[in-house]
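Dear colleague,

Please find below the sequence and structure that I am handing over to you.

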Amino acid sequence: NLDGSGRKTVLAGTGKEDQRTTSLLASRDWKYLVLKARRDTANPSLYLIDTTNDKVTQFDSGEGDFNLVGWYDHNFIYQQTKQSVNFWQNGRQLVKSYDADRSQLNQIDQSQGEGSNASYAYQEFFNFYILNGLVSYNTAWSGYNSNGSPYDLSSKNDSIRGVQPNGQNKKDYQTFQTSNTSFIQASLSG
């Protein structure tokens, strides 16, 4: 209970949890909780806790890390960065949602990459907000060239992007030529 009464253990710790990377986020109605924790492996996993019956379900795991964005109704949105995927490969970063009512995991975006280990360009996602049924975030391209000269990013665009929590209607609301953009600063205003 929110007043501290009626405590009970829903999920016992394993002793392998890391206090710096363990997080617990509740849906607005407190029906569901998402726990990010390293419990039995070296990498964290995501668990759904249904507060109506205390059922715990692991719904995503793997190498890399999870950046928890938050809830929209009963859809949980997060970003995963896979360290085993090279910068020049597609899918190093993934934006995902988990529909707790339907037990459905959705990939709603993935980063792009190109080149090789000596010279490459890669896309990253940041500045996440959830607004009126829309997940809003920024995309940005960076480059690397082992010979010290800049990677040609003239054909790339950074953007302000939005997508529904179920992955539908992804749209770039504003684009900026990467070669003319240093960074995109975002802040929530009401």
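Strand 5 supplies the largest share, 4 residues. By class, the lining comprises 6 nonpolar, 3 polar and 3 charged residues, where Ala, Val, Leu, Ile, Met, Phe, Trp, Tyr, Cys and Pro count as nonpolar, Asp, Glu, Lys and Arg as charged, and the others, Gly among them, as polar. The space in this pocket is about 260 Å³.

Please note that this is a predicted model, in which local features need pLDDT of at least 70, side-chain atom pairs count only at pLDDT 80 or more, and totals for chains, interfaces and linings use all residues. Residues are numbered from 1 along each chain as its sequence is written, and side-chain values use heavy atoms, with hydrogens and water left out.

A pocket here is an open set of points on a 1 Å grid over the protein atoms alone, where a 1.4 Å probe fits and protein lies on both sides within 12 Å along at least five of seven lines; lining residues have an atom within 4 Å of a point. Grid points are joined across faces, edges and corners, and a volume is the space filled by probe spheres set on the points.

The largest pocket holds about 500 Å³ of space. It is lined by 16 residues, of which Asn1, Lys8, Val10, Leu33 and Thr51 are the closest to its centre. Its lining divides into 8 nonpolar, 5 polar and 3 charged residues.

Turning to the sheets, strands are DSSP runs (E, at least two residues) numbered from the N terminus, and two strands pair if DSSP finds at least two bridges between them. Strands 5-6-7-8 form, in that order, an open sheet of 4 strands with antiparallel pairing. Strand 5 and strand 8 (104-110) are its edge strands, each pairing on one side only. Within this sheet, strand 6 (residues 75-81) is joined to strand 7 (residues 93-99) by 7 bridges; Thr81 has Gln93 in strand 7 as its bridge partner.

A further open sheet has 5 antiparallel strands in the order 9-10-11-12-13. Strand 9 (113-116) and strand 13 (171-177) each have a single partner strand, so one side of each is left without a neighbour in the sheet. Strand 11 (residues 134-145) pairs with strand 12 (residues 157-163) over 5 bridges, and Thr139 has Ser159 in strand 12 as its bridge partner.

Yours sincerely
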